[in-house]
Amino acid sequence: MLELYLLEQLLAFANHGTLSAAAEALHISQPALSQSMKKLENQWGVPLFDRQKNRIWLNETGRMAASCAARLLEQAQDMEEQVRAFERSRRTISLGACAPVPVDDLTPLLTRLYEGVTISSEIRARDEELLEGLHKGRYQLVALHEPVEDPGLYVQPFRKEQLFLSLPFSHPLAERDALTLREIDGQNLLLYTKIGFWYELCCEKLPNAHFLMMSEQTVFNEVAGTVAFPSFVSDVVPVSESMRAQKKIVPILDEEVHVTYLCACRIQDRKRFAPLFRALGTVR
């Protein structure tokens, strides 16, 4: 039976080129590594090395074997991760989301619908990362902000969000009834950083803006309500009366800041999450 540790040692030799260097990287003795390589040759019944006095190197068959070993070890690691993720999924629902709003929407629903199950969540800036995590079992559910065509997924839209710019009434842009990102670019802006894809979108679309970045939500809310810097607000989060008294809320026209969130799971998990998708209903 093929033993993975032998493949790991063969690959280490291929990567390091000498027995001494490979043995040092593996934290084993050089004689032990040499015996492992002989064992592998005996098991397969083929020579993997060319040998001279005080020197050993992979032959053509050995190089091909090392290449196969790399693929098998990667598959073995992937299998291990999937098994562990499956076991976690029996006791935990892991949600990956592209922004805070979907987390705020989905977490209370999941807590109510799946009693006794631990709900965990994390925010990622890119949908690609979320989809990879979903397929590999790191997440059981993901919230995306871009359409996805994947026959292996069940996808349902559930929430819209739009960004506005909050401006002191004394700011020159406060005279406007609507703005574009291009018109906002170059301004001094207060920006909360833990907002998933919104953060990268702001940095990409406003390359000339000067950001005062803050990572604490409570502090950001306090500062945003008092300082003269403009800041972004969402139509999902109610604006307080005190802020409305000090700031003008101006809509942004660009399509990029008008988002529809989608909740997705793997097809095989659709039955498990049917109560959630029914509760989400139509797009809000």
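Colleague: How do α1 and α2 lie to each other?

Modeller: Bearing in mind that this is a predicted model, the axes of α1, residues 4-16, and α2, residues 19-26, come within 8 Å and cross at roughly 125 degrees. Angles of 65 to 115 degrees would count as roughly perpendicular and those over 145 as roughly antiparallel, and α1 and α2 are therefore oblique to each other.

Colleague: Which hand does the crossing of α1 and α2 have?

Modeller: The crossing of α1 and α2 is right-handed. On the α1 side the contact is made by E8, Q9, A12, F13 and H16, while α2 brings L19, A21, A22, A25 and L26 to it.

Colleague: What does that contact of α1 with α2 look like by class?

Modeller: Sorted by class, the contact of α1 with α2 has seven nonpolar residues, together with two polar and one charged.

Colleague: And at what angle do α1 and α3 pack?

Modeller: Helix α3, residues 30-44, packs with α1 at an angle of about 115 degrees, and their axes are 10 Å apart. The crossing of α1 and α3 is left-handed.

Colleague: Which residues of α1 and α3 meet there?

Modeller: From α1 there are Y5, L6, L7, Q9 and L10, and these meet L33, S36, M37, K39, L40, Q43 and W44 in α3. The residues of this contact of α1 with α3 divide into eight nonpolar, three polar and one charged.

Colleague: Changing topic, where is H27 found?

Modeller: H27 sits in the loop between α2 and α3. Its phi is near 60 degrees, which is a positive value in a residue other than glycine.

Colleague: Is H27 buried or exposed?

Modeller: H27 has a relative accessible area of 73%, and because exposed means over 50%, H27 counts as exposed.

Colleague: Now the whole chain: how many helices and strands are there?

Modeller: The chain has 11 helices and 11 strands. Its radius of gyration is 27 Å, well over the 19 Å that the globule rule gives for 284 residues, so the chain is more spread out than a compact globule. Taken along the principal axes, the C-alpha atoms fill a box of roughly 85 × 45 × 30 Å.

Colleague: What share of the residues is buried?

Modeller: Buried residues make up 41% of the 284 in the chain. As for contacts between residues at least 6 apart in sequence, 69% of them join residues at least 24 apart.

Definitions and conventions
Residues numbered from 1 in each chain as written. Predicted model: local features only at pLDDT ≥ 70, side-chain atom pairs only at ≥ 80, totals over all residues. Heavy atoms only, no water. Axes fitted to C-alpha atoms, helices over the stretch in contact; angles between N-to-C directions. Helix = DSSP H or I, 4+ residues; strand = E, 2+ residues; numbered from the N terminus. Parallel < 35°, antiparallel > 145°, perpendicular 65-115°, else oblique. Left-handed = near helix turned anticlockwise from the far one by under 90°. Contact = heavy atoms within 4.5 Å. Nonpolar A, V, L, I, M, F, W, Y, C, P; charged D, E, K, R; others polar. Rg over C-alpha atoms; globule rule 2.2 N^0.38 Å. Buried < 20%, exposed > 50% of the residue type's maximum accessible area, 1.4 Å probe, protein only.
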